[in-house]
Amino acid sequence: MKNEEVISQYEPMISSMLRQLHIHRDHDHFRQAARLALWIAIGKYDPSRGHLAPFAYRTIRGAMLDELKKEGRYGDTFTATEGMKLEYLAGATAGPDTDSDPRMDRLRDAVPRLSSAEVLFLRQLFEDRLPHAVIARTEGISVPGVKKRRERLLLKLRTWMEEEPATHDRNGVYPSVGRGKD
């Protein structure tokens with residue numbers, strides 16, 4: 001059998017592996033990595049050592065896990081850009097015409113509306129620049145949970161920054177804002 005025929009026979013195994021590893025995006029990228037791993041496995045396969053299927057399974061799974069690790073490292077390395085943007089909006093770093101940027105005042109008004117847990121989470125992400133994995137361990141949640149929490153928090157801040165300036169009493173309390181859980 002040709003390698004292309006063998007690879008087409010193993011497509012269901014690749015699809016199954018995508019589901020088992022909970023890969024819900026970039027399917028083409030992971031499928032290609034799996035096909036390449038299978039191609040290499042076919043070249044290394046020795047029929048005297050057993051069937052191809054278990055060897056192919058381990059090779060495909062290993063390749064997909066390697067890709068997931070690479071993706072995770074990339075995400076941990078390049079999340080600082082968001083922090084730099086937030087720092088720029090908060091006026092912590094110099095940028096073009098930061099003094100006249102109206103978003104800075106809106107951000108300064110929005111941050112006090114956050115709960116203390118949310119403010120701590122912001123500090124861990126953007127001031128301390130802790131990797132998502134470290135925050136996940138300290139919070140007792142998964143890395144995707146940290147990413148989702150960050151996404152919700154930034155959306156909340158953006159929404160508040162787009163509102164009309166809120167009025168608050170002299171203690172800085174916003175009467176119309178409830179302080180719920182993160």
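This is a predicted model: local features need pLDDT of at least 70, side-chain atom pairs count only at pLDDT 80 or more; totals for chains, interfaces and linings use all residues.
Visitor: Why does Arg 31 count as buried?
Guide: Buried means under 20% relative accessible area, taken with a 1.4 Å probe and protein chains only; Arg 31 has 19% relative accessibility and therefore counts as buried.

Visitor: What makes the pairing of the side chains of Arg 31 and Glu 11 a polar contact?
Guide: A polar contact is a pair of N or O atoms within 3.5 Å, where, within protein, one must be able to donate a hydrogen and the other to accept it, and residues adjacent in sequence count only if both atoms are side-chain atoms. The side chains of Arg 31 and Glu 11 are joined at 3.5 Å, and the side chain of Arg 31 also makes a polar contact of 3.0 Å with that of Ser 15.

Visitor: Why are H8 and H9 called roughly perpendicular?
Guide: Angles of 65 to 115 degrees count as roughly perpendicular; helix H8 (residues 132-139) and helix H9 (residues 143-162) pack at about 100°, with axes 8 Å apart, and are therefore roughly perpendicular to each other.

Visitor: Which residues of H7 are buried?
Guide: The buried residues of H7 are Glu 118, Val 119, Phe 121, Leu 122, Gln 124, Leu 125 and Phe 126.

Definitions and conventions. Residues are numbered from 1 along each chain as its sequence is written. Side-chain values use heavy atoms; hydrogens and water are left out. Buried means under 20% relative accessible area, exposed over 50%, partly exposed in between (1.4 Å probe, protein chains only). Axes are lines fitted to C-alpha atoms, for helices over the stretch in contact, and angles run from 0 to 180 degrees between N-to-C directions. Helices (H or I, at least four residues) and strands (E, at least two) are DSSP runs, numbered from the N terminus. Angles under 35 degrees count as roughly parallel, over 145 as roughly antiparallel, 65 to 115 as roughly perpendicular and the rest as oblique.
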